[in-house]
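Please keep the sequence and the coordinates at hand while reading.

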Amino acid sequence: MRIYKIAIVGSGPAGYFTAQAFQNAQTDELTFNIDMIERLPTPWGLVRSGVAPDHPKIKTVSKVFEKIAKTEGFRLFANVELGRDVSLKDLRERYDAVVLATGSSKGRKLGIPGEELANCISSAEFVPWYNAHPDYVDVEVDLNCDTAVVIGAGNVAMDVARILAIDPSELDPTDIAEHALVKFKQSKIRRVIICGRRGAEHAAFTAPELRELPRLENTDIYIDADQINQASSRIEQMGEVEKDLRNNLEAMRLIAEHSKKGVQRKLEIKFLSAPIEIKGRDKVEEIVFAINEVKDSKVTTTDKTFTIKAGLVITAIGYDAVEHAGINIENGRIKNIAGHIEHNVYVTGWAKRGPVGVIGTNKSDSNDVVELIISNLTEPKESEGVSALIKSGHEVIDQVSWEKINASEVISGEIAGKPRIKEVDWKRLISLGRS
Ligand code: NAP
């Protein structure tokens with residue numbers, strides 16, 4: 001019987017699916033002891049701090065994570081930070097393989113004048129702020145304006161715009177951060193405009209997310225039908241059209257043609273609008289856009305511009321991987337070949353392939369990386385795991401402590417008719433785990 005020790009750094013979907021792939025690969029001859037190391041006092045990564053609060057079904061994947069965590073040989077070490085509490089060198093020496101599943105949490109920059117103005121906020125801050133991530137409680141968000149602009153045409157832009165545009169009472173039965181719900185209830189925003197820099201045919205939204213928009217009870221959705229028709233004729237000229245793209249354009253056409261309810265709250269989607277400057281004295285006041293056009297399948301900028309007066313800008317234009325000492329970043333990802341970084345160190349998830357794909361995409365990705373790791377394994381190491389490295393007195397949140405935090409949040413939620421009320425204070429989270 002060979003028993004290997006695996007360290008997985010990061011407890012988001014990529015981390016759990018990696019653990020599951022190891023568990024599934026076990027045989028009578030081969031066992032994996034998995035230590036999952038997490039910086040925060042809570043696991044689940046983007047399922048806790050990224051998935052939109054009004055999308056509770058997506059979060060049910062946490063049941064799968066908990067099953068993985070309860071499988072023999074799995075241990076959680078939350079509130080343990082790579083680089084602060086343990087070094088990569090230590091992990092490399094003590095484990096047969098180390099897998100970084102640390103995601104991409106740095107919001108990309110537009111690189112245009114005015115981006116540094118107050119109330120121009122990256123989705124990398126805004127999303128964890130409304131999802132009760134302890135590091136983002138103090139993000140300054142001012143909703144005291146009529147119009148907000150969301151830059152980017154992906155599902156994160158869609159989540160952000162929807163959360164800003166819906167009636168906040170629709171967020172009452174969700175696990176949105178309490179501090180954010182209070183702010184949304186006082187929000188003066190009634191018009192939210194998503195601006196994509198390319199055509200409707202290039203939008204990164206997916207059809208299910210588009211199709212739910214007309215079902216919003218208190219918000220009217222607008223897309224210019226001409227932009228959709230022009231996109232459709234452009235792609236028809238190119239020959240065979242992929243099913244997903246056809247579905248997307250069909251969903252957008254339905255939105256354009258859907259009868260409006262005549263409500264105050266409006267969400268608009270505009271294409272071919274590239275931000276070139278954000279203006280304002282102390283904070284965001286208006287955004288200048290160049291009008292783009294598609295010619296011979298290429299998107300080019302025209303010399304025509306237009307301006308939107310808005311007091312809030314959220315940029316949702318993708319993410320880069322977080323850095324670790326001794327690990328190289330290339331094009332926003334941890335430099336790797338098919339998941340291998342160097343020696344016995346590997347990477348999976350968004351940190352490996354970039355910020356693309358839904359939660360389930362991490363499953364096949366992690367399966368491939370685990371297959372590669374197993375094929376590279378040599379003799380199992382004789383060493384103690386991470387426990388021996390952590391300073392005495394440092395409070396580790398293990399699976400039992402996490403279950404106490406989880407139960408406490410769920411019980412508080414039940415009383416309020418919500419799936420949970422998330423605790424946002426780092427110290428209180430730790431004391432809940434201790435109680
Ligand atoms: P994304 O899908 O890659 O979309 C990013 C958007 O930003 C694109 O429209 C891109 O336009 C635009 N963009 C990039 N740089 C820009 C710039 N300088 N100026 C203007 N626009 C710019 O990324 P995401 O929305 O962050 O989502 C990440 C992944 O998570 C995606 O795979 C997404 O599907 C997934 N996700 C899924 C859900 C769900 O299933 N409900 C929810 C959230 C996220 P170009 O195409 O022109 O580059």
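In what follows, a residue is called buried when its relative accessible area is under 20%, exposed when it is over 50%, and partly exposed in between, with a 1.4 Å probe and protein chains only. Helices (H or I, at least four residues) and strands (E, at least two) are DSSP runs, numbered from the N terminus. The model is predicted, and local features need pLDDT of at least 70, side-chain atom pairs count only at pLDDT 80 or more, and totals for chains, interfaces and linings use all residues. Residues are numbered from 1 along each chain as its sequence is written, and side-chain values use heavy atoms, with hydrogens and water left out.

Helix α4 spans residues 62-69, and its buried residues are S62, F65, E66, I68 and A69. These residues lie on the same side of α4 because they cover an arc of only 155° around the axis, the arc being that of the directions from the helix axis to the C-beta atoms. K63 and K67, on the other side of α4, are exposed. The cover over the buried residues of α4 includes the helices α1 (13-24), α2 (46-49), α3 (56-59) and α14 (399-416), together with β3 (74-78). Contact here means heavy atoms within 4.5 Å.

R48 is placed in helix α2 and counts as buried, at 7% relative accessibility. Leaving aside neighbours within four places in sequence, R48 is in contact with T42, P43, N131, W402, E409, R420, K422, E423 and L429. R48 and A132 are 84 residues apart along the chain, yet their C-alpha atoms are separated by 8.5 Å.

N406 belongs to helix α14 and is buried, with a relative accessible area of 14%. With neighbours within four places in sequence again left aside, N406 contacts W44 and R420.

W44, the partner of N406, sits in the loop between β2 (30-38) and α2. W44 has a positive phi of about 90° although it is not a glycine, and at 6% relative accessibility it counts as buried. A positive phi, of about 45°, is also found at H343, again not a glycine. H343 lies in the loop between β18 (340-342) and β19 (345-347). Is H343 buried or exposed? H343 is exposed, with a relative accessible area of 55%.

The ligand is the remaining topic. It is surrounded by 21 residues, of which the closest are A153, R197, R198, E209 and G357; a residue is near a molecule if one of its heavy atoms lies within 4 Å of it. Which helix gives the most to this shell? That helix is α7 (residues 155-165), with three residues. By class, the shell has 13 nonpolar, four polar and four charged residues. Here Ala, Val, Leu, Ile, Met, Phe, Trp, Tyr, Cys and Pro count as nonpolar, Asp, Glu, Lys and Arg as charged, and the others, Gly among them, as polar.

An oxygen atom of the ligand is 2.7 Å from an N or O atom in the side chain of R198. A ligand oxygen lies 2.7 Å from a polar backbone atom of G357, and for V156 a ligand oxygen is 3.0 Å from a polar backbone atom. The protein covers 80% of the 920 Å² of accessible area that the ligand has on its own, areas coming from the Shrake-Rupley method with a 1.4 Å probe.

Note on methods. A polar contact is a pair of N or O atoms within 3.5 Å; within protein, one must be able to donate a hydrogen and the other to accept it, and residues adjacent in sequence count only if both atoms are side-chain atoms.
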